[in-house]
Amino acid sequence: MVKRAEKYTSHDIQNEILDIMALTVMREIGSVIRRASYYTIMADEITDASNREQVAVCFRWVDDDFECHEDFVAGCLQSGLYGSTTRTCSGRARHKCSK
């Protein structure tokens, strides 16, 4: 019997590969932001098409040529009214960008 080559097509494998790729991108964004002289974290609450409130988190930073950049780093469903979701979501984004 000849063993077939692995295809890595299961949902779990594909999701794990996507998670690894996303973490790699987030860490690259984090290293660029750490080198920047000026940066800020922006969080905004929005309502999507299905009428659910979500929080979007972006990093805005300035490079050595004084050009402004924005990177979307996280989106979370809003679960409370007092900003705890915004703090949690921005905290997760900062954690993912750190090494």
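## A charged pair

Which residue's side chain meets that of Arg60 in a salt bridge? The partner is Glu70, with an N to O distance of 2.4 Å. This pair ties together distant parts of the chain: Arg60 belongs to strand β2, while Glu70 belongs to strand β3 (residues 68-77), ten residues apart. Keep in mind as you look around that this is a predicted model.

Why can two such side chains pair up? Side chains of opposite charge can do so when their charged atoms come close. The count of salt bridges here comes to one.

How open are the two partners to their surroundings? Arg60 has a relative accessibility of 36%, so it counts as partly exposed. Glu70 is also partly exposed, because its value is 42%, and partly exposed covers the range between under 20% (buried) and over 50% (exposed).

## The sheet

Now for the strands. There are three of them in an open sheet, arranged in the order β1-β2-β3 with antiparallel pairing. β1 and β3 are the edge strands; each has a single partner strand, so one side of each has no neighbour in the sheet. From one strand to the next, the twist averages 20°.

Let's zoom in on one pairing. β2 and β3 run antiparallel to each other and share nine bridges.

## The nonpolar core

Val57 and Ala74 turn up again in the largest nonpolar core, which has eleven residues. Other members include Met26, Ile29, Val32, Phe59 and Trp61. Three elements, α1 (11-35), β2 and β3, each supply at least two residues of this core.

Setting aside neighbours within four places in sequence, Ile29 is in contact with Asp71 and Val73. Val73 is itself one of the core residues.

## Arg52 in its loop

One more arginine to look at: Arg52 lies in the loop between β1 (38-47) and β2 (53-62). Is Arg52 buried or partly exposed? With a relative accessible area of 43%, Arg52 is partly exposed.

What does Arg52 touch? Not counting residues up to four places away in sequence, it touches Ile46, Thr47 and Leu77. Leu77 sits 25 residues away along the chain, yet the C-alpha atoms of Arg52 and Leu77 are separated by 7.4 Å. Arg52 also has a polar contact of 3.2 Å, side chain to side chain, with Ser50.

Definitions and conventions
Residues numbered from 1 in each chain as written. Predicted model: local features only at pLDDT ≥ 70, side-chain atom pairs only at ≥ 80, totals over all residues. Heavy atoms only, no water. Helix = DSSP H or I, 4+ residues; strand = E, 2+ residues; numbered from the N terminus. Buried < 20%, exposed > 50% of the residue type's maximum accessible area, 1.4 Å probe, protein only. Contact = heavy atoms within 4.5 Å. Polar contact = N/O pair within 3.5 Å; in protein donor to acceptor, adjacent residues only side chain to side chain. Salt bridge = Lys/Arg side-chain N within 4 Å of Asp/Glu carboxyl O. Pairing = 2+ DSSP bridges. Axes fitted to C-alpha atoms, helices over the stretch in contact; angles between N-to-C directions. Core = buried A, V, L, I, M, F, W, Y, C linked by side-chain atoms within 4.5 Å.
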